[in-house]
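Hi everyone, thanks for coming. I'd like to walk you through a structure today, one piece at a time.

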Amino acid sequence: MDMIFNIKGNVLIAELFGELDHHAAGQVRTDIDQAMEAYGTANLVFDFSKITFMDSSGIGVILGRYRKLEPEGGKVAIASCSLTVRNILNMAGIFSIIDYFDTAEEAIAYLTGKEE
Amino acid sequence: MIMEKILKIQMDAVLENQGLARALAAAYVSEMDPTVDELTEIKTAVSEAFSNAVIHGYPGDMQGSVYMEFAVVSPANVMIKITDHGVGIEDIAKAMEPLFTTDTGDERSGMGFTVMESFTDRIKVDSRPGEGTTVTMIKKLDTYYDF
């Protein structure tokens with residue numbers, strides 16, 4: 001699947017396109033981890049606005065990044081999910097540990113604000 | 001239970017086919033005029049069942065097929081059966097627990113069965129170690145109106 005990375009300050013924004021399933025998840029994990037390392041960003045925003053399908057593989061991708069960043073004080077935020085995607089993430093209790101925002105801009109503002 | 005319009009498909013058990021499995025489910029169910037939400041839920045449940053069959057049914061280098069069977073159960077239910085002839089499940093109840101995973105570092109969430117249960121109306125899992133697993137799901141569609 002395609003991804004576009006943007007950087008705002010200390011935040012990497014991963015904009016995902018298309019269908020996120022178990023087949024795609026491996027590549028998504030690798031690409032995000034490499035981008036985090038290459039750009040040295042501490043925080044991560046998942047922008048799901050262009051995701052047309054996601055199954056439970058997305059839970060693993062998000063939790064995996066959270067577990068990597070959290071011990072070093074990094075934050076993860078999720079932005080702009082469809083109702084079905086939000087339902088799936090809710091089943092795993094993701095939103096009790098990771099903040100959700102309606103837009104990527106709000107998520108970025110929240111994370112960049114946290115650094116100050 | 002009277003089943004109509006039966007469709008049977010055999011696919012190679014590889015994750016590359018996961019998208020195709022979803023698309024086939026969507027094409028079949030589209031004939032029944034589902035809502036967008038119903039269609040998404042069915043695609044998601046099929047995606048979970050298919051990836052379970054590939055990843056857990058045929059672990060490691062094991063090769064095999066995944067069999068999908070679709071049927072309309074009168075008047076407005078769709079039955080989807082996904083079968084593998086792989087290693088089977090030792091403890092079905094444990095496998096279906098939320099967050100249970102045999103994951104050894106691949107970041108799997110253990111939520112596959114929970115998603116299938118949430119997005120369909122009935123789910124039944126039949127499995128025998130060494131023989132394989134069949135997941136049968138029934139989804140009721142709200143789209144058949146009596147005028």
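Let's start with a sheet in chain A. This is a predicted model, and in chain A there is an open sheet of five strands, in the order β1-β2-β3-β4-β5, with mixed pairing. Which strands stand at the edges? They are β1 (2-8) and β5 (99-101) of chain A; each has a single partner strand, so one side of each is left without a neighbour in the sheet. On average, neighbouring strands in this sheet are turned by 25 degrees against each other, direction ignored.

Now look inside that sheet. Strand β3 of chain A, residues 43-54, and strand β4 of chain A, residues 76-79, pair in the parallel sense over four bridges.

Most residues other than glycine have a negative phi, and most peptide bonds are trans. A:Ser80 is not a glycine, yet it has a positive phi of about 60 degrees. You'll find A:Ser80 in the loop between β4 and α3 of chain A.

Two packed helices are described by the angle between their axes and the distance between the axes. Here the axes of helix α3 of chain A (residues 83-91) and α4(B) come within 10 Å and cross at roughly 130 degrees. That angle makes α3(A) oblique to α4(B). The crossing of α3(A) past α4(B) is right-handed.

Over to chain B, then. Strand β4 of chain B, residues 122-128, runs antiparallel to β5(B), and seven bridges join the two. B:Arg128, for instance, has B:Gly132 as its bridge partner in β5(B). The hairpin of β4(B) and β5(B) has three residues between the strands, and B:Gly130 takes a positive phi near 85 degrees there.

The peptide bond from B:Ser74 to B:Pro75 is cis, with omega near 0 degrees. B:Pro75 sits in the loop between β2 (65-73) and β3 of chain B. And B:Lys5, which is not a glycine, has a positive phi of about 50 degrees; B:Lys5 belongs to strand β1 of chain B, residues 3-12.

Rolling a probe the size of a water molecule over the atoms shows where empty space is left. The largest pocket has a volume of about 650 Å³. It is lined by 34 residues, and the closest to its centre are B:Asn52, B:His56, B:Ala95, B:Thr102 and B:Phe113. Which element gives the most to this lining? That's α2(B), with eight residues. Others supplying at least two residues include β3 (77-84), α3 (92-95) and β5 (132-140) of chain B. By class, the lining of the largest pocket has 12 nonpolar, 15 polar and seven charged residues.

The second largest pocket has a volume of about 220 Å³. Its lining includes A:Ile32, A:Asp33, A:Met36, A:Arg65 and A:Lys68. The largest share of that lining, four residues, comes from α1(A), and α2 (57-69) of chain A also supplies at least two. Here the count by class is five nonpolar, two polar and five charged residues.

That's my tour. Happy to take questions!

Technical notes
Residues are numbered from 1 along each chain as its sequence is written. Chains are lettered from A and ligands numbered from 1 in the order in which they are written. This is a predicted model: local features need pLDDT of at least 70, side-chain atom pairs count only at pLDDT 80 or more; totals for chains, interfaces and linings use all residues. Side-chain values use heavy atoms; hydrogens and water are left out. Two strands pair if DSSP finds at least two bridges between them. Axes are lines fitted to C-alpha atoms, for helices over the stretch in contact, and angles run from 0 to 180 degrees between N-to-C directions. On a 1 Å grid over the protein atoms alone, a cavity is a set of points where a 1.4 Å probe fits but cannot get out, and a pocket is an open set with protein on both sides within 12 Å along at least five of seven lines; lining residues have an atom within 4 Å of a point. Grid points are joined across faces, edges and corners, and a volume is the space filled by probe spheres set on the points. Ala, Val, Leu, Ile, Met, Phe, Trp, Tyr, Cys and Pro count as nonpolar, Asp, Glu, Lys and Arg as charged, and the others, Gly among them, as polar. Angles under 35 degrees count as roughly parallel, over 145 as roughly antiparallel, 65 to 115 as roughly perpendicular and the rest as oblique. A crossing is left-handed if the near helix is turned anticlockwise from the far one by less than a right angle, and right-handed if clockwise.
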